[in-house]
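Hi everyone, thanks for coming. Please have the viewer open, and stop me whenever a word is new to you.

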Amino acid sequence: MPIVFEATPECARDLDQMDFLFSFRERFLFPQHNGEDVRYFCGNSLGLQPKSVSYLMDKELGDWARHGVEGHFKAGYPWFSYHHFFEERLAKLVGAEKEEVVAMNTLTVNLHMLLLSFYRPAVKRYKILMEAGAFPSDQYAVETQVRMHGYEPDDAIIEIAPKNGDNLIADEDIINAIKEAGESLAVVMIGGVNYYTGQFFDLEGITKAAHSVGAYAGFDLAHTVGNIPLKLHEWDVDFACWCSYKYLNSGPGGVGGAFVHERLGNDPKIFRLAGWWGNDEKTRFKMQKGFVPQRGAASWQMSNAPVFNMVAHNASLDIFDKAGIQPLREKSLKLTGYMEFLLKNITHLPFEIITPADPAKRGCQLSMLFGDRGREVFDALTKNGIIADWREPNVIRIAPVPLYNTFEDCYKLYETLMNIK
Ligand SMILES: Cc1ncc(COP(=O)(O)O)c(C=O)c1O
């Protein structure tokens, strides 16, 4: 039966009643506003805390207290192999083989480490192609990587911008630019979902185009992982990295993740900076000379796992595993569809939605670009217990997250906007 959306509280309540993922919100802690849970639309920036985190953290602290150094082998989740506990669940989220993913470091660090492996410029092939308006940390990473190899960013970085005054970048423009750059191109590095507009790029098409000219394709999936189901292995993506504090609810500065396709992860010719944790586990504690990489993405690890920084990740990935990324995506399409429908009913405020209208080209985020009054509207939302996200110069981002947002949340946001005169 097709869903009929209406801008009424009854419709929002009915949609919530039909939502079989509704109870998952019970697993999260909500900030309070006037004694009530806020309406939290900021999971694209920092996800909410799973209630199970404090229990699991206490358990980990207890293991440390009880076992001291022996916790490396005797803890409930032995610290020696802690990163392995994430492989299966992460692999499901990004569509990878277990060996292709690893939880380690943080996002920008992982991006640098992966570029150190895959951006190996040569006389002819030295350019990196990225989207204009990428998240600043990605821009800085790419800029300093090219400088490290003695190139000037203006020459070595190809930025693809939207055309004809549009806010979005056409996938064809990226693909055509890759073909045009041809043999000069070493790496394509794109944000899977753009942080500002919420646009989801054609990762498979971009990867295919990059490979057709002999370049690597890598993606920053900060705004994609846990938001949109992915098939990194099948799409033949070379490398990717992400953070876990947004849709993956793993807390501020939470451990990042990386993907390296098995074609490359097990190829000893691919250079990687080494540390003992990336070494073959059988000889890790033998303290011998000569790095022997373990299999797959895990060989990019350097240091032993920051266990306390991974506890929330463990808690959150369990919730994802129970809900399933596919059912979450199905709910997300409805929830964001409803939010979009409601926003389109608002005609008295000066904004347009710049996120793609095609649900296949976006995740849960909608970006509202304001002519003026943007900051005033944002402040009014906050005052009414609605947590959205402000991005300079004039965008309010809202992310109805299927794990913990409701259709009623969307209605409340709409009602608050309607009440702004
Ligand atoms: C797209 C993107 N790239 C990079 C970063 C920086 O992440 P980190 O501070 O974990 O390195 C962020 C942070 O929000 C981001 O959204």
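Let's start with glutamine 139, which is partly exposed at a relative accessible area of 24%. Buried means under 20% relative accessible area, exposed over 50%, and partly exposed in between, with a 1.4 Å probe and protein chains only. Glutamine 139 sits in helix H6. Helices (H or I, at least four residues) and strands (E, at least two) are DSSP runs, numbered from the N terminus. From glutamine 139 to isoleucine 157 you move 18 residues along the chain, and their C-alpha atoms are separated by 9.6 Å.

A quick word on what you are looking at: this is a predicted model, where local features need pLDDT of at least 70 and side-chain atom pairs count only at pLDDT 80 or more, while totals for chains, interfaces and linings use all residues. Residues are numbered from 1 along each chain as its sequence is written, and side-chain values use heavy atoms, with hydrogens and water left out.

Now to the ligand. Which residues are around the ligand? They are Leu107, Thr108, Phe135, Ser137, Asp138, Asp220, Ala222, His223, Tyr245 and Lys246.

Zoom in on the side chains here. Threonine 108 has a side-chain N or O atom 2.5 Å from an oxygen atom of the ligand. For histidine 223, the distance from a side-chain N or O atom to a ligand oxygen is 2.9 Å. Lysine 246 places a polar side-chain atom 2.8 Å from an oxygen atom of the ligand. The protein covers 81% of the 400 Å² of accessible area that the ligand has on its own. Those areas come from the Shrake-Rupley method with a 1.4 Å probe, and for residues only the protein chains shown count as cover. Helix H5 (107-118) and helix H6 (136-148) are the elements that give two or more residues to the shell.

Next, a strand. Is strand E14, residues 366-370, mostly covered or mostly open? Mostly covered: five of its five residues are buried. In a regular strand the side chains alternate between the two faces of the sheet. On one side of E14 we have Leu366, Met368 and Phe370, on the other Ser367 and Leu369, and all are buried. E14 pairs in the antiparallel sense with strand E13 (residues 351-353) over three bridges. Two strands pair if DSSP finds at least two bridges between them. Glutamate 352 stands opposite leucine 369 of E14. E14 also pairs in the antiparallel sense with strand E17 (residues 395-398), over four bridges. There, leucine 366 has isoleucine 398 as its bridge partner.

Let's compare two side chains in loops. Glutamine 301 is in the loop between helix H10 (262-265) and helix H11 (311-323), and is buried at 3% relative accessible area. Its side chain makes a polar contact with the side chain of histidine 83, at 3.2 Å. A polar contact is a pair of N or O atoms within 3.5 Å; within protein, one must be able to donate a hydrogen and the other to accept it, and residues adjacent in sequence count only if both atoms are side-chain atoms. Asparagine 34, in the loop between strand E2 (32-33) and strand E3 (36-37), is exposed at 71%. The side chain of asparagine 34 makes a polar contact with that of histidine 33, at 3.4 Å.

How many disulfides are there? The count is zero, where a disulfide is a pair of cysteine sulfur atoms within 2.5 Å.

Last stop, the backbone. The peptide bond from glutamate 392 to proline 393 is cis, with omega near 0°. Asparagine 249 has phi near 50°, a positive value in a residue other than glycine, and is buried at 2% relative accessible area.

Conventions:
A residue is near a molecule or strand if one of its heavy atoms lies within 4 Å of it.
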